[in-house]
Amino acid sequence: MSVKFKPNIICFACNWCSYTGADMAGTSRMKYPATIKIIRVPCSGRVNPTFIMKAYQKGADGVLIAGCHPGDCHYNSGNYFAKRRFLLATRFMNYIGIDAKRLRMEWISAAEGVKFARVMAEFSETISELGPNWRAREEV
Amino acid sequence: MMTMTEKMREQVKELFVNNEIKLFIGFEKGFTKFSRIPAFAENYDEAKKMIIDEFETPFLAKYLIRELEEVAAGIVEKSERVAILTRGCDYLGIRRLIVDNIILRENIVIVGIPCDGLIDVKKANKLLGEEAREITIDEENVIAKGKTENKIISKAEVVLDRCRQCIMCEPKESDIMLAEKTANVKKNKDYSKIEEIEKMSAKERYEFWSRQFERCIRCFACRDACTACNCRKCIFDITEPEMLEKTVATSEQFMFHFIRAFHVAGRCSACGECERVCPVDIPLGLLNGKLRKDIEFLFNVEEAGIPSEIEPLGEFKLDDPDEW
């Protein structure tokens with residue numbers, strides 16, 4: 001008997017846009033998969049690439065970083081720095097063999113509850129297809 | 001014509017006599033015939049043992065932190081100066097420390113040496129087929145003497161790997177220059193090895209790096225040797241939060257190497273010292289090189305190795321690329 005694989009996805013959501021977007025999705029009674037665990041961060045610029053590696057190490061199958069649209073950052077420029085950092089980090093992770101498809105970055109504003117639900121469903125689907133991540137994962 | 005060693009002694013004598021410096025940092029002979037180790041001189045007599053030649057040498061720039069950090073921070077109210085032997089790559093390291101406000105330029109006397117690449121004794125031994133007993137270096141060739149036979153090898157064959165991709169053959173600015181610029185060998189940025197790895201499949205890449213990282217003994221030599229790794233409190237040393245755990249496991253090795261490489265992203269000056277000091281020969285240059293390559297490609301930086309006031313990851317442009 002095979003059990004359907006349920007992915008573990010960590011979403012780093014920025015406090016001002018994406019987390020509020022998730023709230024929006026919730027208050028509007030929209031459905032999105034329960035595989036997503038949201039971690040609230042002050043800004044997408046707060047997310048250190050090390051967090052992503054740590055997430056993979058502790059058993060995440062995918063990591064999603066959600067922040068404000070460029071130009072909308074509560075701190076003016078945090079998401080631009082984040083963008084540069086993740087442009088580099090994604091390529092670097094891919095280079096050391098961790099599939100780049102498991103990492104995704106999205107701009108989701110506070111009003112985009114629909115987009116939040118859609119992105120989560122899409123990403124959960126992608127990770128389900130990719131299967132569990134064993135690379136750089138802690139042996140238990 | 002005076003050799004560089006003689007000229008250095010003359011200059012150092014002058015500096016000590018005029019009371020311009022309190023310390024001189026250079027090289028002396030190490031435990032084996034061809035190894036060179038750092039040497040520190042507080043007066044001229046101590047500086048007499050120092051030599052300059054073309055054998056592989058350690059980096060000296062990192063010692064400036066120990067000597068000058070407190071002076072730069074204003075804890076010690078003395079304007080002490082330190083003279084240091086500087087090749088082009090050392091200069092990039094010193095520049096890194098100055099840009100990071102760790103040390104001040106006015107406290108350093110840069111004694112410049114033009115450099116055409118350092119000799120890797122291991123390579124010479126390999127070509128000779130035995131342990132060389134005597135190695136002489138002239139303008140173009142290296143003559144290695146073995147038990148019975150001598151071998152003349154061209155310099156380009158035995159030069160250190162990192163010297164092939166050198167981006168600065170002599171310090172850009174110096175207080176004292178010990179020789180005229182050498183006719184330097186044409187060097188090219190070489191990303192071919194990195195491109196080879198990029199062409200592999202994700203699985204192959206993961207297996208390749210697992211093989212490399214599993215050798216790691218986490219001695220932190222790469223961190224200690226690197227001038228870009230100049231944080232006063234290193235993330236690997238703190239236990240709260242414990243980003244790097246003590247378990248010996250592949251995942252921790254990946255964690256360590258990812259953090260180390262990414263912390264010097266945009267700050268690495270391609271000196272290759274991390275690779276040189278690595279006791280288990282992990283190709284760290286391929287990690288740092290990949291980051292430099294991407295920075296140059298993504299953010300239109302001409303030469304990612306040269307330290308600038310604003311780092312590539314410390315700024316942004318509105319038209320940065322969008323694809324992940």
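## Terms and model

Buried means under 20% relative accessible area, exposed over 50%, and partly exposed in between, with a 1.4 Å probe and protein chains only. A disulfide is a pair of cysteine sulfur atoms within 2.5 Å.

This is a predicted model, in which local features need pLDDT of at least 70 and side-chain atom pairs count only at pLDDT 80 or more, while totals for chains, interfaces and linings use all residues. Residues are numbered from 1 along each chain as its sequence is written, chains are lettered from A and ligands numbered from 1 in the order in which they are written, and side-chain values use heavy atoms, with hydrogens and water left out.

## The disulfide

Over all chains, the count is one disulfide. Cys17(A) and Cys68(A) form a disulfide, with 2.4 Å between their sulfur atoms. The pair links distant parts of the chain, 51 residues apart. Cys17(A) lies in the loop between strand E1 (9-14) and helix H1 (18-27) of chain A, and Cys68(A) in the loop between strand E3 (62-67) and helix H3 (78-95) of chain A. Helices (H or I, at least four residues) and strands (E, at least two) are DSSP runs, numbered from the N terminus.

The S-S torsion of Cys17(A) and Cys68(A) is about 100 degrees, so the disulfide is right-handed. Cys17(A) is buried at 10% relative accessibility, and Cys68(A) is buried at 3%.

## Cysteines of chain B

For Cys166(B), the closest cysteine sulfur is in Cys169(B), 4.3 Å away and too far for a bond. Cys166(B) is partly exposed, at 24% relative accessibility.

Cys234(B) is in no disulfide, and its nearest cysteine sulfur, that of Cys229(B), is 6.4 Å away. Cys234(B) has a relative accessible area of 14% and is buried.
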